[in-house]
Amino acid sequence: MKLKRTILVAIALAFLFVGCANKDEVAEFNKPALYWYKKIGKSISDGNMDKADAYYISLKSEHMRSPLMPTAIMMLAHAHMNKEEYLLANYYLDEYNKRFGEGDDREYTDFMKLKAAFLGIKDVYKDQKLIMDSIANANRYLVRYPGSAYAPLVNTILIRLHMSQYLLNENIAALYERTGKPDAAEIYREKNSDSVVEMTDITPPEKGIIGKIFD
């Protein structure tokens with residue numbers, strides 16, 4: 001009898017807590033823009049990016065035209081960048097460009113997108129397309145913003161990308177040579193003949209094909 005009473009009390013408490021939770025959930029609707037903005041900032045400070053992203057969805061759905069939106073988006077982009085979550089950082093930078101990317105701001109956000117793509121390269125074998133796309137985007141950036149304050153950084157990124165691509169081609173060519181396929185090796189060496197860098201410009205990393213070239 002005592003056990004039965006304990007079980008009934010536990011069930012009653014469970015329903016009570018569920019009811020409270022649902023009330024709290026409902027209370028998280030129709031809040032002012034500043035409320036969601038503060039929640040995003042607090043979640044970023046706490047390192048809880050899942051919550052920060054969820055609060056952004058609430059801010060966006062309830063206050064799409066709020067003047068707090070641009071700052072919230074850039075906060076999230078930088079926070080994901082700091083967490084090395086470059087795809088999510090890129091998502092928020094795209095969001096910013098779609099909504100507010102006119103004028104001088106576009107120069108900065110385009111640079112941040114290029115930086116996010118560059119830092120997102122982790123495996124040069126798997127990320128060959130990303131390397132080629134990043135080279136093309138860096139060249140476009142320099143044409144579009146010739147006097148940009150970020151041009152020296154973009155040039156540094158571009159040189160490192162060319163170096164990584166050169167080393168990758170050389171590594172693949174050497175592999176083909178070792179496996180008795182000189183014609184295939186020649187194809188990859190030919191790719192390097194048009195490179196803006198040469199092997200003498202590069203200090204090969206001690207560990208791995210690229211190693212710390214992206215640090």
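User: What does the secondary structure of the chain come to?

Analyst: This is a predicted model, and its secondary structure comprises 9 helices and 0 strands. Along the sequence, the pattern reads α-α-α-α-α-α-α-α-α.

User: How much of the chain is buried, and what share of the contacts comes from residues 24 or more positions apart?

Analyst: Of the 215 residues in the chain, 33% are buried. Among contacts with a separation of 6 or more, 59% join residues 24 or more positions apart.

User: Which residues of H3 are buried, and against what do they pack?

Analyst: The general idea comes first: an α-helix has 3.6 residues a turn, so residues three or four places apart point the same way. In H3, the buried residues are Met49, Ala52, Asp53, Tyr55, Tyr56, Ser58 and Leu59. These buried residues pack against helix H2 (33-46), helix H4 (69-82) and helix H5 (86-100).

User: Which residues of H4 are buried, and which helices do they pack against?

Analyst: Met69, Ala72, Ile73, Met74, Leu76, Ala77, Ala79, His80 and Met81 are buried in H4. Their packing partners are H2, H3, H5 and helix H6 (104-119).

User: How is the packing of two helices described, and at what angle do H2 and H3 cross?

Analyst: Two packed helices are described by the angle between their axes and the distance between the axes. For H2 and H3, the axes come within 8 Å and cross at roughly 165°. That angle makes H2 roughly antiparallel to H3, the cut-off for this description being over 145 degrees. Their crossing is left-handed.

User: Which residues form the contact of H2 with H3, and how do they divide by class?

Analyst: From H2 come Ala33, Trp36, Lys39, Ile40, Ser43 and Ile44, which meet Met49, Lys51, Ala52, Tyr55, Tyr56, Ser58, Leu59 and Glu62 of H3. By class, this contact has 9 nonpolar, 2 polar and 3 charged residues.

User: How far apart are the axes of H4 and H5, and at what angle do these helices pack?

Analyst: The axes of H4 and H5 are 7 Å apart, and the helices pack at about 160°. H4 and H5 are therefore roughly antiparallel to each other, and H4 passes H5 in a left-handed crossing. On the H4 side, the contact involves Met69, Pro70, Ile73, Met74, Leu76, Ala77, His80 and Met81; on the H5 side, Tyr86, Leu88, Ala89, Tyr92, Leu93, Glu95, Tyr96, Arg99 and Phe100. The residues of this contact divide into 14 nonpolar, 1 polar and 2 charged.

User: Is Leu168 buried or exposed, and in which helix does it lie?

Analyst: A relative accessible area under 20% counts as buried. Leu168 has a value of 3% and is therefore buried. Leu168 belongs to helix H8, residues 151-178. The C-alpha atom of Leu168 is separated by 9.1 Å from that of Tyr188, 20 residues away along the chain.

Conventions. Residues are numbered from 1 along each chain as its sequence is written. This is a predicted model: local features need pLDDT of at least 70, side-chain atom pairs count only at pLDDT 80 or more; totals for chains, interfaces and linings use all residues. Side-chain values use heavy atoms; hydrogens and water are left out. Buried means under 20% relative accessible area, exposed over 50%, partly exposed in between (1.4 Å probe, protein chains only). Helices (H or I, at least four residues) and strands (E, at least two) are DSSP runs, numbered from the N terminus. Contact means heavy atoms within 4.5 Å. Axes are lines fitted to C-alpha atoms, for helices over the stretch in contact, and angles run from 0 to 180 degrees between N-to-C directions. Angles under 35 degrees count as roughly parallel, over 145 as roughly antiparallel, 65 to 115 as roughly perpendicular and the rest as oblique. A crossing is left-handed if the near helix is turned anticlockwise from the far one by less than a right angle, and right-handed if clockwise. Ala, Val, Leu, Ile, Met, Phe, Trp, Tyr, Cys and Pro count as nonpolar, Asp, Glu, Lys and Arg as charged, and the others, Gly among them, as polar.
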